[in-house]
Amino acid sequence: SKSVAQALSKFYTQSPAAVSKLNDFIAKRGEGSWVWTTEGRKLLDMTSGIGVTSTGHCHPTVVKAVQEQAATIVHAQQNIFGSHEKAVELYDKFSNGVMPSHLSRYFLCNSGAEAVDNAIKIVRSCTGRQNIIAFDGGYHGRTIGSMSLTTSKTVYRQGFGPLMPGVFVAPYPNCLHCKTQAEWKRAGYHIQPSYPPFDAPDCRKCCGSPAEALEWMLLMQTAPMDTAAVILEPVLGEGGFLSPPPGFMKNLRAICDKHGIMVIADEVQSGAARTGKWWGHQQFDDGGMRPDLMIFAKGMASGYPFAGVAARADAFEKMAPGTMGGTYGGNAVACAAAVATIEVIEKEGLLRNAHERGIQLTQGILDLANRHPTIIDVRGRGLMVGVEFGSKDGGLVAPKGIATAVAKACIKHDMLLMTAGARECVRFLPSLNISAAEVDIALKLFGQALDEVVG
Ligand code: PMP
């Protein structure tokens, strides 16, 4: 362990502190929901590398597909060859139940941020308009383009401006902290899981107002004739796992339709079966929230760099050949991992597992909330479960740093957990094939961490 400490201290001088580190151990290997360190610690991974190892660490089907592809062809560059076998297979799967049927054109690249930048190009070219409306609390990446749309924390953009012009930020509904919160609290509702069987109380008088705010924005800040698209995460990821209230998506779609504005669903974190449906926006299909573009990445390829945009057939029509591309986009090994990931999700029933384990996890946290009133909200969908802390007696204002303290206490108990958002939240984002027994372990460890931090 002395040599590990030495290696780490050298590594840390070589690695800039600008890349933050939650922990200081070296990962050695992973299997399913577990990770081992070089010092032999075994950790329960409730982060899945920020929602990436959707089929668990090193799923045998994914490992085999990647090994075979690495020995067949790795780099069949997309501008040089027509395609390669795995991309053909992948697009076939995309159009047969994975992607929403109205999104029939696909573009592949390597990261979520890169996909967001490409989506900006597509909507600008398709509409002939420049401006983009993003939502408060959204996270879309760290490139100059995607960072310009990111408002989940100032730390992501501080010191890096000027950013891309033409970005307008609309308020995102936060039922827990909205203007009717006092009324809501008086009604006795503290905890608000927002999916069946936990139907949230219909207290949400504010649900019309974000749509109204968007209308005002189009009257006062960015005219419809200048506004290409609205981008949103169907369930806010980095911003704290907030879901929109009923009706919000439908209102948003109606406003955009009225003004010829495209809707981009950033499904980097909420997609790839994470919420118990293939895509997070399908959770809110109350009358038709159909995005014109959808961005995918993270969980689609179980850890291999793979991302892209799925779009309406007419979205690319005005683009001249050669205007889109990238050296590694559609890499054959990444595509093989994506095909294998889709197969595992389908064969092993991971949509159902995400839903069921999500309910188990949510129910378990609700039980803990009875003992710990500091838990003021449990929210999310499927295996995207966020927990917000308030004061010790359940007030809305939390002691600063409590979420980080809880995450650190979890690590002491050998469980990896992340915080989320600018408020005091932690997020559970495990592999989609986590078992019921593993969820029980996570709940036990989380309970112990809470006992330690809040008593
Ligand atoms: N969009 C969302 C919703 C994300 O959660 C992330 C990553 N956390 C990104 C975009 C950026 O993806 P990447 O880190 O692959 O660039």
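1. **Domains.** Domain bounds come from an automatic or database domain assignment. For this chain, a predicted model, that assignment gives domain 1 (2–55 + 349–454) and domain 2 (64–347). Note that domain 1 is written as two stretches, 2–55 and 349–454. The C-alpha centres of domain 1 and domain 2 lie 24 Å apart.

2. **Where the domains meet.** Contacts link 36 residues of domain 1 with 38 residues of domain 2. Which elements give two or more residues to the side of domain 1 that touches domain 2? They are α2 (48–51), α11, β11, β12 and β15. Helix α11 gives the most, with nine residues. Sorted by class, this side of domain 1 has 17 nonpolar, 13 polar and six charged residues.

3. **Overall shape.** The chain has 13 helices and 15 strands. Its radius of gyration is 22 Å, close to the 23 Å that the globule rule gives for 455 residues, so the chain is as compact as a globular protein of that length. Along the principal axes, the C-alpha atoms fill a box of roughly 60 × 55 × 45 Å.

4. Now look at the strands. Strands of a sheet pair through backbone hydrogen bonds, either parallel or antiparallel.

5. **From β1 to β2.** Strands β1 and β2 (residues 34–37) run antiparallel and are joined by four bridges. Arginine 29 has tryptophan 36 of β2 as its bridge partner. Glycine 30 stands opposite valine 35, also in β2. The hairpin of β1 and β2 has two residues between the strands. There, glycine 32 takes a positive phi near 60 degrees.

6. Tryptophan 34 stands opposite leucine 44 in β3. This hairpin has four residues between its strands, and glycine 40 in the turn has a positive phi of about 85 degrees. How do β3 and β13 run, parallel or antiparallel? They run parallel, and two bridges join them. Leucine 44 turns up again here: methionine 415 in β13 stands opposite this residue.

7. **An antiparallel sheet.** Another open sheet of four strands has the order β11-β12-β15-β14, with antiparallel pairing. Its edges are β11 (375–381) and β14 (418–420); each has a single partner strand, so one side of each lacks a neighbour in the sheet. On average, neighbouring strands of this sheet are turned by 30 degrees against each other, direction ignored. Three bridges join β14 to β15 (residues 425–428), and these two run antiparallel. Across this pair, threonine 419 stands opposite valine 426 in β15.

8. **The helix on that sheet.** Helix α11 (residues 350–371) packs on the sheet. The helix touches β11, β12 (384–389) and β15. Its direction makes about 175 degrees with that of β11. Recall that α11 also gives nine residues to the side of domain 1 that touches domain 2.

9. **The ligand.** How many residues stand around the ligand? There are 15, and Ser111, Gly112, Ala113, Val268 and Gln269 come nearest. Helix α5 (residues 112–127) gives the most to this shell, with three residues. By class, the shell divides into six nonpolar, six polar and three charged residues.

10. **Backbone details to check.** Two spots deserve a look. The peptide bond from glycine 161 to proline 162 is cis, with omega near 0 degrees. Proline 162 lies in the loop between α6 (144–148) and β6 (167–170). The other spot is serine 48, found in helix α2. Serine 48 has a positive phi of about 40 degrees, although this residue is not a glycine.

Conventions. Residues numbered from 1 in each chain as written. Predicted model: local features only at pLDDT ≥ 70, side-chain atom pairs only at ≥ 80, totals over all residues. Near = placed C-beta within 6 Å. Nonpolar A, V, L, I, M, F, W, Y, C, P; charged D, E, K, R; others polar. Pairing = 2+ DSSP bridges. Axes fitted to C-alpha atoms, helices over the stretch in contact; angles between N-to-C directions. Contact = placed C-beta atoms within 7 Å. Rg over C-alpha atoms; globule rule 2.2 N^0.38 Å.
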